[in-house]
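Colleague: I would like to learn how to read the features of a model such as this one, beginning with the chain as a whole and ending with single residues. Could we look at the structure together and take the topics in turn?

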Amino acid sequence: MNPDILRVVVAGAGAAGTLAAARLLDAAARTSRRTIVDLVDPATDTGRGLAYSTTDPRHLLNVPAGRMSACPDASDDFVRWLSAREGRDADPDAYVPRALFGAYLADSLDRSAAAAYGTAAVRRWHDRVVAVDRPGHAEGGVRLRLRTGATMDAHAAVLALGNIAPGSAWLPPDLANSPRVVADPWRPGALADVPADRDVLLVGTGLTMCDMALTLAHQGRTVHAVSRHGLLPQAHATEAPAAPTSPQTERRVAVSELSDLTQLKRGVRYRAALYRRLYGDWRPAVDELRPHIPLLWQQLPAPDQQRFLAVELREWEVHRHRLPPATNRTLAAARQAGLLIVCAAEITAAHPADGGRAIAVQLSDGRALTVGAVINCTGTENRVQELADPLVRDLLTTGIAAPGPHGLGFDTTSEGRLVEADGCSTVPVWTLGQLRRGNLWETTAIPEIRSQAGELAWALMHTAVPAPV
């Protein structure tokens with residue numbers, strides 16, 4: 001490697017990888033550090049990943065456009081991009097199709113590359129990183145092995161694996177290899193073979209289920225959705241909270257007061273009740289916690305964290321990760337028309353039916369369904385030891401990475417550098433987004449990923465110093 005040029009490989013070109021690459025280019029331009037960023041991902045497009053690859057215009061961003069800027073120093077950047085694209089002023093409070101955001105991220109990277117021209121550059125590789133080797137030469141750094149057999153030497157690597165496919169441990173044995181099961185609904189073409197004239201069963205009732213129901217529900221087909229709780233995400237408010245209904249002085253609950261799960265639940269419920277009384281809306285009570293969630297999570301004793309994951313998780317998620325108002329209205333209309341039926345139930349048995357063209361399913365609530373497809377909408381698998389991804393398996397096997405708390409994601413330092421199995425952080429590999437779930441909990445939305453991308457870029461500019469030959 002050229003000791004005068006910092007070389008960083010970013011594995012993954014979805015939202016997290018694209019933001020990481022853009023912030024690396026920005027940091028290189030600010031510091032005049034000659035840098036090459038190799039962005040490696042087999043996908044044809046850049047910036048889309050699983051989250052923004054959908055082409056269904058009914059799949060909307062789950063937050064308003066005004067809160068989706070990729071640029072940490074320009075909060076209205078996405079809105080201005082939309083305005084330029086549409087030739088009119090875009091509404092910062094609008095919930096726009098997710099595909100637009102993927103295109104915006106790619107454009108944002110192009111703009112960062114143009115601004116860094118002469119100092120730094122990004123190179124796009126349509127391949128997949130499958131292994132990372134420890135330094136085996138005097139220059140240090142890492143060697144990354146690709147699926148095609150090629151290798152890349154770099155001073156540092158960033159793992160931006162994005163939203164990993166959902167787990168399937170819940171599948172009954174008779175469904176494990178069934179062609180009527182859609183294991184990952186976001187895989188390109190995954191829904192192509194779902195029969196248009198048969199009912200379908202969606203397992204999971206979170207945001208993925210809502211998107212799939214929008215796509216699949218139509219006259220002549222009933223979409224059944226089940227989960228253990230049967231809870232759907234709450235909707236965003238259709239308008240800003242009203243002015244306070246009384247001049248009461250509100251007491252703020254300090255983050256330091258919420259040091260165990262009981263206190264945390266009491267504090268959140270107190271604030272929700274107060275906001276509902278003063279403003280007519282509980283949502284700001286949840287939203288104001290957002291910047292503090294990593295600290296709150298880290299303050300909780302490990303048994304409380306485990307209890308939250310086992311008992312409280314679903315209630316928190318349906319209030320924290322909310323639906324666009326238009327999506328909520330469409331789903332409500334589908335339920336009223338009988339096109340979407342949501343229940344608290346689990347699959348207890350299943351077997352092929354109609355000569356393999358359907359699946360007969362028995363549910364824990366006593367219902368029996370015959371459906372043309374069972375679609376896995378359980379959400380991303382966060383437990384890294386359950387993943388079959390070759391890169392994840394290699395990192396755990398070699399000890400370059402270790403599972404994070406409760407097996408969620410990888411263990412990392414505060415800057416996102418991997419903590420190895422022996423507790424050290426000597427291999428120059430960073431990560432961001434989903435893979436930091438165990439340490440931070442709140443780490444999968446654009447504002448958090450945007451912040452992490454900036455932090456790791458700055459750290460790399462100052463710590464990944466090439467050793468002399």
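Modeller: Let us begin with burial, for which a residue is called buried when its relative accessible area is under 20%, exposed when that area is over 50%, and partly exposed in between. This is a predicted model, and in its chain buried residues make up 52% of the 469 residues.

Colleague: How many helices and strands does the chain have, and how compact is the chain for its length?

Modeller: The secondary structure comes to 12 helices and 16 strands. The radius of gyration is 23 Å, close to the 23 Å that the globule rule gives for 469 residues, so the chain is as compact as a globular protein of that length. Along its principal axes, the C-alpha trace spans about 70 × 65 × 55 Å.

Colleague: What share of the contacts joins residues 24 or more positions apart, and what part of the accessible surface belongs to carbon and sulfur atoms?

Modeller: A contact means heavy atoms within 4.5 Å. Among the contacts in the chain with a separation of 6 or more, 68% are accounted for by residues 24 or more positions apart. As for the surface, the accessible area of the chain comes to about 20800 Å², and 52% of it belongs to carbon and sulfur atoms.

Colleague: Let us turn to the spaces. How much space lies in the second largest pocket, and which residues are closest to its centre?

Modeller: A pocket is an open set of grid points, whereas a cavity is a set from which the probe cannot get out. The second largest pocket holds about 500 Å³ of space; 21 residues line this pocket, and the closest to its centre are Leu264, Lys265, Val268, Phe308 and Trp316. Two or more lining residues come from each of helix 5 (261–279), helix 7 (293–299) and helix 8 (302–320), with helix 5 giving the largest share, 8 residues. By class, the lining of the second largest pocket has 15 nonpolar, 1 polar and 5 charged residues.

Colleague: What is the volume of the second largest cavity, and which residues line it?

Modeller: Its volume is about 40 Å³, and the residues that line the second largest cavity are Leu60, Asn62, Arg98, Leu207, Asp211, Leu323, Pro324 and Thr327. By class, this lining divides into 4 nonpolar, 2 polar and 2 charged residues.

Colleague: Where is Arg437 placed, and is Arg437 buried or exposed?

Modeller: Arg437 lies in helix 11 (residues 437–440), and it counts as buried because its relative accessibility is 8%, under the 20% cut-off. Leaving aside residues up to four places away in sequence, Arg437 touches Trp297, Glu317, Asn382, Leu408, Thr443 and Thr444.

Colleague: How far apart are Ala29 and Arg437, in sequence and in space?

Modeller: Ala29 and Arg437 are 408 residues apart in sequence, and from C-alpha to C-alpha they are 30 Å apart in space. Ala29 is found in helix 1 (residues 15–31), where it is partly exposed because its relative accessibility is 33%. Beyond four places in sequence, Ala29 touches Ala115, Ala116 and Thr119.

Colleague: Finally, the backbone: what is the phi of Ser32, and what is that of Trp441?

Modeller: Ser32, a residue other than glycine, has a positive phi near 60°, and Trp441, also not a glycine, has a positive phi of about 65°. Ser32 is placed in the loop between helix 1 and strand 2 (35–40) and is exposed, with a relative accessible area of 56%. Trp441 sits in the loop between helix 11 and helix 12 (446–463) and is buried, with a relative accessible area of 7%.

Methods: Residues are numbered from 1 along each chain as its sequence is written. This is a predicted model: local features need pLDDT of at least 70, side-chain atom pairs count only at pLDDT 80 or more; totals for chains, interfaces and linings use all residues. Side-chain values use heavy atoms; hydrogens and water are left out. Helices (H or I, at least four residues) and strands (E, at least two) are DSSP runs, numbered from the N terminus. Buried means under 20% relative accessible area, exposed over 50%, partly exposed in between (1.4 Å probe, protein chains only). On a 1 Å grid over the protein atoms alone, a cavity is a set of points where a 1.4 Å probe fits but cannot get out, and a pocket is an open set with protein on both sides within 12 Å along at least five of seven lines; lining residues have an atom within 4 Å of a point. Grid points are joined across faces, edges and corners, and a volume is the space filled by probe spheres set on the points. Ala, Val, Leu, Ile, Met, Phe, Trp, Tyr, Cys and Pro count as nonpolar, Asp, Glu, Lys and Arg as charged, and the others, Gly among them, as polar. The radius of gyration is taken over C-alpha atoms; the globule rule is 2.2 Å times the number of residues to the power 0.38. Accessible areas come from the Shrake-Rupley method with a 1.4 Å probe; for residues, only the protein chains shown count as cover.
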